Structures are given as C-alpha cells and as structure tokens.
Amino acid sequence: MGKRYIAEDGSPIEPPMHPFRTSRGGAQRRLVATSGDLIFQSLSTIVAFSVLGLLALIAGILFVAAEESVQTFGFGFLGGTVWDPVSQVFGAAPFIYGMLVTSALALVLGVPISLGIAIFLSELAPGWLRTPLTYVVELLAAVPSVVYGLWGIFVLAPVMRVYIEPSVQAILGFLPLFRGNPIGSDVFTAGVILAVMIIPTISSVSREALLAVPDTQREAALSLGATRWETTRFAVLRYARAGIFGAVVLGLGRAVGETMAVTMTIGNRNAIFTSLFDPGQTISSLIANNWLEAGSLELSALIELGLVLMLVSLLINAFARLMVGRVLHVGEGAE
Amino acid sequence: MAITPEEKQRLQKGSRRGIGVVVVVVAVVLILIAAVVLSGVLNPPTTQKITILGAGATFPCPLITKWSSDYSNVSLKYGGKPTQVQVNYNCVGSGAGITQITQKTVDFAGSDAPLKPSERAAAPGLIHVPETIGAVTAAYNVASLSSGLNLTGNVLGEIFLGKITTWNSANISALNPGVTLPSSQITVVHRSDSSGTSFVWTSYLHLENTGWNSSLVGKSINWPVGVGASGNSGVAGKILTTPDSIGYVELAYTVQNSMKVAKIQNPAGNWILPSLASTAAAAASFTNPPTPSGDWGNVSILNTAGATSYPIASLTYLLVYQELNTIGTSMTAQKAQGLVDFLWWAVHDGQSRGAALVYPTLPAGLVTLDEGAIRSITFNGQTLHS
C-alpha cells in the first residue's frame, strides 16, 4: 500500500522516484542499475553457496584428520567406554551418552518454563510489561557461556549441593537416577545450567510463533465461549505447534554443542554414569579439556568425536524437519 | 512502498553526511600515520630491539612473563649500540612447546617434563636448562580440621584409587593421632586437562602406592574416581567450593588462595609442609644430574633424600638447541647472543624475582649445572658466553 501524496496547495505532485535512479528517464542510468542488480545477485549467490562449501570443507578436513583413529578403532570407537591416554585406548560412548543425557535433562527442565514465558508474553502480559520482559529474557541469550559457567561453579553448584540435590534425593532417592553423594559438580547441575541457557532461545522463538497466530483464531474460540486457557490451548498452541517444535529443536541444538558452561560444571569424569549426581562428560567438554596437549592418536580420536557431534547435530535437525513436515501438518502452523 | 520527497531528501542528506564523516575519519587517520612515520624519520630509534620467541609450559608462565618484562628494561649494548631484548613466551602447554621447538618455530621452549627418548630423537641437540622448581600439594577442604593434616603417599594413593572413601578411615586416623576426623565422604578433585602437574602427582603415587600401577601415570590418565576441573586454578576453585574435598594443586596456587595443604611424610620420615624452602631443599638434594645434552628422561626430584625435603617436587626446564644455527635463518648471531644472555640472567638475577610469585630459588648446585649448560651453547661453532 503506497502513501498518498497531497501537496499543501492541493496541486498534484510528482510520484516519488525509483530509489536506484537519480534522474527521470535516462536509459544509461537504468542500465547501471541493472548491472548492479546482476552483481548483487551473483555476489549473494556466491555467499550462499560458500556456506555449503565451508561445511563440506570442514567435514572433509575433520574426516582426513580423524583417519588415524577411524583406522585404529573402527566402529568400536562409538561403543568404547574407556578413554585412557596412557594405554592409548579411546572410546566415545561415555561422551555421546553424557551429551544426550544432559541435553534431555535441559529440555525436560527448560521447555515447560520456556513455554510458560512465551504464553505469558504473547497472551497474558499487559502491554507495559511485555516489552521490558521480552528484553530481559532475550538478554539471557547474550550472556557469554563462560559467565554461565562461572556462575555455575560459584553460585549454582553450592546451592545444588546443599539444598536442591539433597531434597530431590529425599523424595526420589529410591530411583538409581538420584543415588550417590551429591557434590554439586555433576550431570544434574550441568543439565540445569543448560536449561537456563536454552530458555531464552526456546521462549523467544515460540513467542514469535504464538504472536504469528492470527487474532481471528482467538476471537473465534472466545466467541464460542472458550475460556482464556481453552483459547490458548486449542486455538493458539495447536496452531503454533510446528513453530514451537522448531523452537525446541533450536534449543536442543544449543544444548548439544554447548562447551564452556558444561565443562565448568559437569565434573569431567570420563565414564558412563548411572546417577545424575555423578560427574560425567560430554563430547564438547572432553574436546575442550584435552585439545591442547593431546598426542597424535588422541587428537585424531577427539577429531572423530567432533565429527560425531556434527553428525548428531545434523540428525537432530533432519529429524526436526521431518517432524515439522510430516507429523504436524505443514501450513497449519506458523512458520 | 513509495518514499515521500521529504524522506528522500532526508536520505540523501544522510548519505551526504555519511560521506563527509568518512572523509574526515580517513583524513585524521592519514595525518596520524604521517605523524608517526615522520617522527620515526626525524628521531630514529636509538635502541635496537631483539625479539626472542618462546613457547611451552604454563606452570612457569608467570615467572617467565615477569622475567620478560624485567629483562626488557635491562640496559644492554650489542655492537656498541644500546639494545633491548624482548622475550615473548606463549603459555601453550609443555606438549605444544616441545612440538614448536621441534619444528623450530620458536627459539626456546618450556616444559615441565623432560624430553622422552622419542622426542629427543625428533629434535637432536636440545639441551635441558632447569629454570625453576615446582611442588605439588595435597590441598583439602575439611571445615572441622583446623590442626592440619598428615598424609603419606600410600594413603593418598588409596584415596585417589577410591579405596579410602571417608575422612575418618582408619588409615587416615592412624597418621593423625589426636585429631577428630569427620565421617563425611571424600570428594577427590583432579585435573581434567592434560598437565605436567598430573604427571608429577601420578608419578609420586606410583612410587608410593603399589596399587597405583604404571598405566595410571601420565599427564592425562583414566582417573579411577573423582571430579575433574581444568587448570590449577580450576582444581583450586573446585576444592574451595566443595566441602570434604581433596585434590592436588601447584604450590603457588595454594598460597595465593590460602588453601589448607597436607603435610607429607618424606623418605627421611619427617612430616613436611610444602613451602618455598622445603621445595628448594628437595632440589638441593638432587644428585648425579646428567650432562645438559644427555638423557634427562628419568630425572626426578620426587622423594629426594634430605631431612627437610618436600617429597612431591619437580624441575621445570627451558629447552634450547645447543647449536643455535639449528633454528635456521631466523636465528642471527645477535639474537643468539641475546638468548644466551637472557638465559644467564634468568638463572642468576632472575631467580630473585621468583619469591614474590611463589617460585623457589634454584639451589647453588643447579645454578652451577645451568651455567655449564649455557656456556656450552654455540652459534656457528662460536661460544656465546664464557
């Protein structure tokens, strides 16, 4: 929709010029503008494809560097449970496991809170509260992960050790998942830190999804006599579920690859744990810990782990696309 | 969307103002560059500068950095010209330092561990110059213990193997008569990154505890129990924030963080608190050193004799090529002279800088050894220090 232009004296005024042109007519000028378009188009195409090239290059180089480890351990690498630089035996299982458990824990703790934030911000919050609160939530995403890690060591870990973990143990201690001596530097703490870190991502993306739901949906539900909760649940959340699912996957992506904050809180133990109160290790925290001084075979094994991490991230994304595309009806949800 | 004439005018004015700003900035930058260049031309620098590159161990990093800044203020004269020697040391870790000196991308390296036979073979001609001494302490955090704690290597081994799990275990009580120990569980804290400190610590446990076999000795090992933290500062922080924990930390970090450390029984049977003096005493009792260019692979100052020696001590080394032209074209006669003079200064005047940073002073025997090593360094066959 264009604006209407009316001069003060009521005389008709010229329509505004094309922004690329500085004079009217002038075939020469138009030619310049077209070649500019062409240059811009080819430049942006090159930039877009260079991302693909970069990805291929990274994967290729990782693969070459991981060859020593692949040849030494074969597929047994993925199932190996020992990481022993002295005997030069390296296995990936404890770290893949640690990564999956911490990420799952982060989602279990983080998603309900994020959804609550998103629903409050888009459906319930009064106008004056909405903007400042949105800013605050998004500000959480801007905190560097090393700061989360420091906070984890000095604030969260003691609180977890003294208050939270013993109380959880008192209630759920009959489960093997919550046995052992709570020390604060463990998988549970890392999961909580990750949950805090993915909340801004999930809540702001799902808020966008909720805001994209047309008001007619809400009005229709309300006009049928639905309560506010029923409206939110059936008219808004259902409509936006593909978007919300996408938000959760984005959060999962962040949790899987997070390095610093996890390294600082998880306890860095290279073994498969049975209790969430045991220390553990994820792929990225292991790489961060051992990268600098790794010997040749260990370095190669670390790089292979990097490849595994990349693959897992790809699988998560592919799975998410599949879910969004197949299980949920495309077109129903807000993109 | 169309643009109103007013908006268009504003846009154009904006872009014109933008160009103006760019022109001004460029002009200012040009003037500044010209000023710098001109001042250089008008007042040629009266001192020449020699830059020496080093890389390696993080443990001596604060000391070498201090040396570097102090030495750049020492007035030197090379070829009749006032000269400033600038030493740049990158604290990238012992392993990375050895790799870099082997590839000859640095002029010297720092390493907490002596060269292994395979490393010596890869970089023939490297000599060891011990520049300072480290001590690894058993630091603990047990609130109810105010009277100090006695431990032996054997008991420490049992704790780190996970065989002793509570503080009031009979083995610990036996070493601490009259001390009430809590019944709480011990949390073991170890390094999660590869480290010379871990190497010294695990070597000591291997010496003292028969159950600590050689597959558990190294810079990075498969720990039987415990929580890992990165770096000495990470382990120190973890111990300080975890009640009933014990871990191993370099002496300097325990002093800086006022941590409680255990007395360890030395071979003479005395309980020794780690300190600058007891660490220096350990190094002073070190006998029969190899020649500088010889095999240092088995050198250790763990468990040295001497009534006051702290048993968990280690030497840390600077690695230099005995014939400096091995480095290649980046090494000049003047730079070689600068490097050798710096080394000489470091093992003499430089030692007094250590105390404030909690590094022991090299005992006389090691200084003499270092003097011999530095005198043996040559460039194109020419001795650089007589």
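**Figure 1. Overall build of chain B.** Chain B holds 12 helices and 15 strands; helices (H or I, at least four residues) and strands (E, at least two) are DSSP runs, numbered from the N terminus. The radius of gyration of chain B is 27 Å, well over the 21 Å that the globule rule gives for 386 residues, so chain B is more spread out than a compact globule. Here the radius of gyration is taken over C-alpha atoms, and the globule rule is 2.2 Å times the number of residues to the power 0.38. Along the principal axes, the C-alpha atoms of chain B fill a box of roughly 85 × 70 × 35 Å. Of the 386 residues in chain B, 46% are buried. A residue is buried if 20 or more other C-beta atoms lie within 10 Å of its own, exposed if 12 or fewer, and partly exposed in between, with C-beta atoms placed from the backbone. Among contacts in chain B between residues at least 6 apart in sequence, 72% join residues at least 24 apart; two residues are in contact if their C-beta atoms, placed from the backbone, lie within 7 Å.

This is a predicted model, in which local features need pLDDT of at least 70 and side-chain atom pairs count only at pLDDT 80 or more, while totals for chains, interfaces and linings use all residues. Residues are numbered from 1 along each chain as its sequence is written, and chains are lettered from A and ligands numbered from 1 in the order in which they are written. The mean pLDDT of chain B is 89, and 94% of its residues reach 70 or more; pLDDT is the predictor's confidence in each residue, from 0 to 100. The model scores ipTM 0.76 and pTM 0.80.

Figure 2. The domain assignment of chain B gives domain 1 (48–133 + 314–383) and domain 2 (135–284), with bounds that come from an automatic or database domain assignment. Taken over C-alpha atoms, the centres of domain 1 of chain B and domain 2 of chain B are 31 Å apart. The contact takes 18 residues from domain 1 of chain B and 14 residues from domain 2 of chain B. On the side of domain 1 of chain B that touches domain 2 of chain B, helix H3 (94–102), strand S13 (313–321) and helix H12 (364–375) of chain B each supply at least two residues. By class, this side of domain 1 of chain B has 12 nonpolar, 5 polar and 1 charged residues. Ala, Val, Leu, Ile, Met, Phe, Trp, Tyr, Cys and Pro count as nonpolar, Asp, Glu, Lys and Arg as charged, and the others, Gly among them, as polar.

**Figure 3. Strand S5 of chain B and its partners.** Strand S5 (residues 126–141) of chain B is mostly covered, with 15 of its 16 residues buried. Two strands pair if DSSP finds at least two bridges between them. S5(B) pairs with S13(B) in the antiparallel sense over 9 bridges, and B:Ile127 stands opposite B:Val320 in S13(B). Strand S9 (residues 245–250) of chain B is joined to S5(B) by 6 bridges and runs antiparallel to it. With strand S10 (residues 260–261) of chain B, S5(B) pairs in the antiparallel sense over 2 bridges. B:Ala139 stands opposite B:Gly247 in S9(B) and opposite B:Val261 in S10(B).

**Figure 4. A sheet of 3 strands in chain B.** The strands form an open sheet in the order S6-S11-S12 (chain B), with mixed pairing. Strand S6 (150–151) and strand S12 (271–272) of chain B are the edge strands, each pairing on one side only. S6(B) pairs with strand S11 (residues 263–265) of chain B in the parallel sense over 2 bridges. In this pair, B:Leu151 stands opposite B:Ile264 in S11(B).

Figure 5. Most residues other than glycine have a negative phi. B:Asp244 has a phi near 60°, a positive value in a residue other than glycine. B:Asp244 is found in the loop between helix H8 (231–241) and S9 of chain B, and counts as buried with 20 C-beta neighbours inside 10 Å. Phi of A:Gln88 is also positive, near 60°. A:Gln88 is found in the loop between S1 and strand S2 (89–90) of chain A; A:Gln88 is exposed, with 12 other C-beta atoms within 10 Å.

**Figure 6. The contact between chain A and chain B.** Chain A gives 30 residues to the contact and chain B gives 31 residues. Strand S1 (83–84), helix H6 (145–172) and helix H11 (283–290) of chain A each supply at least two residues of the side of chain A that touches chain B. H6(A) gives the most to this side, with 4 residues. By class, the side of chain A that touches chain B has 15 nonpolar, 11 polar and 4 charged residues.
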